[in-house]
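Work through the exercises below with the model open. Each task is followed by a solution in steps.

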Amino acid sequence: MNDLRDLYQEIILDHGKSPRNFGKPESFTADANGYNPLCGDKVHVYVTLKDGRVEDVHFEGRGCAISMASASLMTEVLVGKTEAEARALFDKFHELVTTEHELVGDDDIDRLVVLGGVRQYPSRVKCATLAWHTFNNAITGAGEPAKTE
Ligand code: ZN
C-alpha cells in the first residue's frame with residue numbers, strides 16, 4: 001500500500017512541477033477564473049468546445065502541488081468529452097475526493113485516482129476541485145469567478 005502511495009505522490013509532484021497544457025492558448029471558446037481563498041490557489045481555465053465536445057483545455061495559474069496537479073490531469077481527461085460527459089466526470093471526481101466509495105474503475109477515474117488521498121484532508125479537497133469548478137463555470141458561461149467556498 002505504501003508503494004502505491006509513493007507512486008501517487010510521484011505523479012502529483014510530476015504534474016505539479018510540469019503541468020500539462022499550461023498557458024493561454026491562441027484561441028478558445030470559453031474561459032473562467034477560479035480562486036481558492038483557503039489555500040491561495042488561482043487558476044484560469046481556457047476551453048475550446050466544438051460541436052458540443054471538448055476539443056482542448058488549457059490552464060494558467062499558481063498554487064499548491066495538489067491544485068496544479070489536479071488542473072493538469074483535468075486538462076488531459078476532459079479532451080473528447082461531450083459537455084454532459086464532462087459534468088458526469090466532475091461528479092465522479094467529486095465523489096472520489098470526498099467519499100470512501102470504491103468507484104468502479106473506468107479509464108478516466110483510474111487516471112484521477114491519484115488524487116483520492118485528499119479525502120483525508122478536507123481543506124485539500126478544495127485544492128483538488130478548484131480547476132473542475134472553474135471548468136464548469138467556463139462551459140456554463142457563468143460570469144462569476146469560481147470559488148471553492
Ligand atoms: Zn491548494
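**Exercise 1. State what share of the residues is buried, then describe the overall build.**

Step 1. Of the 149 residues of the protein, 41% count as buried, where buried means under 20% relative accessible area with a 1.4 Å probe and protein chains only. This is a predicted model, in which local features need pLDDT of at least 70 and side-chain atom pairs count only at pLDDT 80 or more, while totals for chains, interfaces and linings use all residues. Residues are numbered from 1 along each chain as its sequence is written, and side-chain values use heavy atoms, with hydrogens and water left out.

Step 2. The protein has 5 helices and 4 strands, taken as DSSP runs numbered from the N terminus (helices: H or I, at least four residues; strands: E, at least two). Their order along the sequence is α-β-β-β-α-α-α-α-β. The radius of gyration is 14 Å, close to the 15 Å that the globule rule gives for 149 residues, so the protein is as compact as a globular protein of that length. That radius is taken over C-alpha atoms, and the rule is 2.2 Å times the number of residues to the power 0.38.

Step 3. The C-alpha trace spans about 45 × 30 × 25 Å along its principal axes.

**Exercise 2. List the donors of the zinc ion and locate C64 and C127.**

Step 1. The zinc ion is coordinated by C39 (SG), D41 (OD), D41 (OD), C64 (SG) and C127 (SG), at 2.2 to 2.7 Å. Donors are N, O and S atoms within 2.8 Å of the metal (3.2 Å for Na, K and Ca); water is not among the atoms, so sites may look incomplete.

Step 2. Along the chain the donors follow the spacing C-x1-D-x22-C-x62-C. C64 lies in the loop between β3 (53–62) and α2 (65–77) and C127 in helix α5 (residues 122–140), so the pair ties together parts that are 63 residues apart in sequence.

Step 3. C64 is buried at 15% relative accessibility, and C127 is buried at 1%.

**Exercise 3. Is H15 buried or exposed, and which residues does H15 touch?**

Step 1. H15 sits in helix α1 (residues 2–17). Its relative accessibility is 4%, so H15 counts as buried.

Step 2. Leaving out residues up to four places away in sequence, H15 touches R20, M68, A69, S72, L73, E76 and R111, a contact being heavy atoms within 4.5 Å.

Step 3. The side chains of H15 and S72 are joined by a polar contact of 2.7 Å.

How values were computed: Buried < 20%, exposed > 50% of the residue type's maximum accessible area, 1.4 Å probe, protein only. Polar contact = N/O pair within 3.5 Å; in protein donor to acceptor, adjacent residues only side chain to side chain.
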